[in-house]
Structure formats: C-alpha cells, structure tokens
Amino acid sequence: MLRTGELKGTMMNRTLPGVGTALSTALSITLATALALGLSVGLASPATAQYPDRPVRIVLPYAPGAAGDIALRQLQPRLEKELGQHLIVDYRSGAGGNIGVQEVVRAKPDGYTLVLGAANNFVINQFLYRKLGFDPLADLQPIAKLADVPSFIYISAAVPATTFAQFKQYAQANAGKLNYGSPGSGTSPHLSAFMLSQAMQARMTHIPYRGSAPGVQALLANEVQMYLGGYSVGAAYAPQNRIRALAVAAPERFASMPDVPTLREAGAPDVVLSNWWGLAAPRGVPPEVADRWSRALNTVLADPAIQKAFLQNGFVARTGDPAAFEHELRQESLKWKTIVQETGVTLDN
C-alpha cells in the first residue's frame with residue numbers, strides 16, 4: 001500500500017492520457033490532495049467516531065448508597081441507551097474519596113475510566129490534605145456537573161426558633177454553648193457550618209459523625225442544635241416538625257420544600273456552599289470523548305422524568321459543557337481555599 005506522500009508523488013510524475021501536461025499536473029495534485037485528506041480523516045476518526053465501543057468504568061470514590069451512587073443509578077439506564085454501551089460502577093472508597101480519584105488520575109486517558117466525584121474531590125480536598133499526591137484541577141479533565149445538592153440549614157426542634165433570624169438571636173445569646181454536626185471533618189457541610197457559626201458570632205462546637213445518618217439522629221436528640229445537609233437528610237423529619245428547615249442555599253426555593261425560604265429571603269449570610277456531583281476523566285482525554293459524554297448527559301438530564309426523580313432525592317439536574325464546568329471549578333476552588341484556611345482544618349491521607 002502506498003503512503004499518502006508516495007501516492008501524491010507517483011501521480012504528479014505522470015501525465016494523464018489525452019490531457020496537456022500542465023492540466024494533467026493540476027488535476028493530479030487536486031486528486032492527490034483530496035485522497036490525502038480522505039485518508040487522513042479515515043485514519044484519525046474511527047477511535048473517537050465509534051466511542052465508546054466497549055463498556056465504560058465509572059469509579060465512585062465512596063461506598064454504595066452514597067448520594068452520587070443514587071444519582072448515577074437513576075441516570076444509568078438512559079445513559080447506556082444514549083452511549084450504546086454498559087456502564088460499570090466501581091466503588092473505591094477511602095480517604096475522603098482520594099483513593100478512587102487517584103486511581104482515575106493514573107488511568108489511561110482514553111475515556112474508558114471516569115470518576116463521579118463530589119465537591120470535595122474537585123475543589124476542597126487539595127487544600128485539606130497534607131499529602132494528597134495529585135491536583136484535581138490539573139490532573140482531571142472536567143466533563144459535566146450532573147447534579148447540585150442544595151444545602152438546608154436544619155435545627156433541632158428543641159431550639160426555640162422557627163426562623164433564621166430567631167435562631168441567630170438564640171445562638172448569639174448562647175454563644176459557645178451550642179453544637180453543630182457534620183458527616184465528617186473537612187466535608188462541605190462541616191466547612192459551611194463553621195462559616196455560618198462565625199458569621200452569626202455563635203462560636204458553636206463542631207461534632208463530626210460518620211455520615212449524615214448518625215448526624216441527623218444527633219439533631220433529633222438535640223445533641224447538636226444545627227446541621228447542614230440536603231433535602232434527603234430532613235425529608236422524613238421536617239414535615240413532622242421533628243427538625244426545622246430554616247433556609248436553603250439555592251438561588252430559588254427547592255420544589256419539594258416550597259415553604260422553606262432561600263438564604264437571601266431568610267436574611268442569612270451567603271456563606272453556605274452546597275455539595276454537588278460531577279463527572280471527570282484523566283487529563284489528556286480526547287476532546288471528542290468529553291463532548292460525547294456532555295451531549296449524552298445533557299440529553300438525559302433534560303428529561304422531565306429524570307428531573308422529577310432527581311428532585312425526590314434532593315438533586316437539581318444540571319446541564320452544560322466541559323469548558324463551562326472547568327471554569328466553574330476553578331472559580332469555586334478559590335472560595336473553598338479561603339474557607340479551609342479560615343477553619344484551619346488539615347487532614348492526613
């Protein structure tokens with residue numbers, strides 16, 4: 001088989017029968033150029049044009065049943081139909097999600113190993129952990145944010161307050177005496193609650209728990225007086241007034257709790273940053289692969305049935321493109337860096 005250069009040279013050195021030399025040469029060059037372009041497209045496109053041509057592994061750096069797992073399971077059947085391949089969920093928990101993310105960072109950037117991580121994994125942990133071993137902003141290629149998880153300010157029903165203004169007054173009057181819980185040190189609920197306590201001048205004490213379930217039980221028992229978490233954390237208790245939702249950190253009210261005001265409506269300080277879940281690949285993945293995933297996700301997340309299912313679990317479906325998601329990550333990471341520095345929290349791997 002002739003290479004592109006050999007083909008061009010052979011054709012240029014021949015005169016087509018019945019045609020003048022100059023015209024023959026011009027036609028030969030044109031034909032050779034067209035063939036060369038055709039060969040080049042044919043050689044470059046199959047790997048990406050047919051992506052994915054085998055199952056894709058999605059690393060979830062947390063245990064089964066985490067919020068990201070629930071969101072992915074709701075999307076999985078539709079995504080598999082859109083992509084034409086199975087998705088294999090690989091749970092690699094440990095070290096605040098760092099173990100699973102590091103595995104993806106080290107994977108071949110061919111689009112067949114991705115990570116579904118939370119806000120911590122993209123914009124917080126690099127400032128928390130002393131020896132993380134990688135930089136998520138440099139070593140991961142953002143693809144899309146799947147879902148926002150708006151954070152609610154929950155308080156114990158034993159606290160004599162029904163509005164944020166009343167709670168702030170009570171917290172200030174009892175400065176240094178109240179507790180707030182979190183699903184663990186360094187998590188977004190912990191850091192946001194710290195900032196909220198500071199803004200209220202309440203000097204509340206942080207009590208970390210192993211996950212949201214024991215943290216909410218502590219709130220029910222009034223062991224902690226405040227807890228920040230998503231809709232699913234309080235969905236079973238707030239309607240019964242066993243805990244109270246004072247405000248939600250979102251631009252608009254959450255559809256499943258329409259009576260709860262936003263931070264702005266409640267007069268609360270704008271210091272609560274919510275959790276979210278996003279998809280990324282190892283840095284260096286072909287742009288066509290990231291775009292393929294982005295298109296598939298936008299299609300699936302625009303489905304009203306998916307949006308309704310998301311809302312029932314406290315998620316708000318997001319759409320966008322890889323460039324916008326990366327820009328958002330870099331902007332948000334600056335906020336979290338400042339917050340981590342103010343809290344003084346540092347963790348070991």
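Trainee: Starting with Asp 69, is it buried or exposed?

Mentor: Asp 69 is buried, at a relative accessible area of 7%. Keep in mind that this is a predicted model.

Trainee: Which helix is Asp 69 found in?

Mentor: Helix H4, which spans residues 67–83.

Trainee: And what does Asp 69 touch, leaving out residues up to four places away in sequence?

Mentor: Four residues: Leu 60, Pro 64, Val 89 and Tyr 91.

Trainee: Zooming out. How many helices and strands in the chain?

Mentor: There are 15 helices and 11 strands. The chain has 349 residues, and 47% of them are buried.

Trainee: What share of the contacts comes from residues 24 or more positions apart?

Mentor: They account for 77%, counting contacts in the chain with a separation of 6 or more.

Trainee: On to H10. Which of its residues are buried?

Mentor: In H10, residues 212–220, the buried ones are Gly 215, Val 216, Ala 218 and Leu 219. Looking down the helix axis, the buried residues fall within an arc of 155 degrees, so they line one face of H10.

Trainee: Give me a residue in H11.

Mentor: Take Val 233, which is found in H11. Val 233 is buried, with a relative accessible area of 14%. Setting aside residues up to four places away in sequence, Val 233 touches Tyr 154, Ser 212, Val 216 and Tyr 227. Val 216 is one of the buried residues of H10.

Trainee: How far apart are Val 233 and Tyr 154?

Mentor: In sequence, 79 residues; in space, 9.2 Å from C-alpha to C-alpha.

Trainee: OK, which residue just after H10 takes a positive phi?

Mentor: Asn 222, at about 65 degrees. Asn 241 also has a positive phi, near 65 degrees. Asn 241 sits in the loop between H11 and S9. Asn 241 is partly exposed, at 43% relative accessible area.

Trainee: What about Ala 95 and its phi?

Mentor: Ala 95 is not a glycine, yet its phi is positive, about 55 degrees. Ala 95 lies in the loop between strand S2 (87–91) and helix H5 (98–105). Its relative accessible area is 29%, so Ala 95 is partly exposed.

Trainee: And where is the cis bond?

Mentor: From Tyr 51 to Pro 52, with omega near -10 degrees. Pro 52 is in the loop between helix H3 (46–49) and strand S1 (56–60).

Trainee: Last topic, helix packing. At what angle do H9 and H15 pack?

Mentor: About 70 degrees, with the axes of H9 (residues 188–200) and H15 (residues 322–343) 10 Å apart. H9 and H15 are therefore roughly perpendicular to each other. The crossing of H9 past H15 is left-handed.

Trainee: Which residues make that contact?

Mentor: From H9, Ser 188, Leu 191, Ser 192, Phe 194 and Met 195. From H15, Trp 336, Ile 339, Val 340, Glu 342 and Thr 343.

Trainee: How does the contact of H9 with H15 split by class?

Mentor: 6 nonpolar, 3 polar and 1 charged.

Notes. Residues numbered from 1 in each chain as written. Predicted model: local features only at pLDDT ≥ 70, side-chain atom pairs only at ≥ 80, totals over all residues. Heavy atoms only, no water. Buried < 20%, exposed > 50% of the residue type's maximum accessible area, 1.4 Å probe, protein only. Helix = DSSP H or I, 4+ residues; strand = E, 2+ residues; numbered from the N terminus. Arc of directions from axis to C-beta. Axes fitted to C-alpha atoms, helices over the stretch in contact; angles between N-to-C directions. Parallel < 35°, antiparallel > 145°, perpendicular 65-115°, else oblique. Left-handed = near helix turned anticlockwise from the far one by under 90°. Contact = heavy atoms within 4.5 Å. Nonpolar A, V, L, I, M, F, W, Y, C, P; charged D, E, K, R; others polar.
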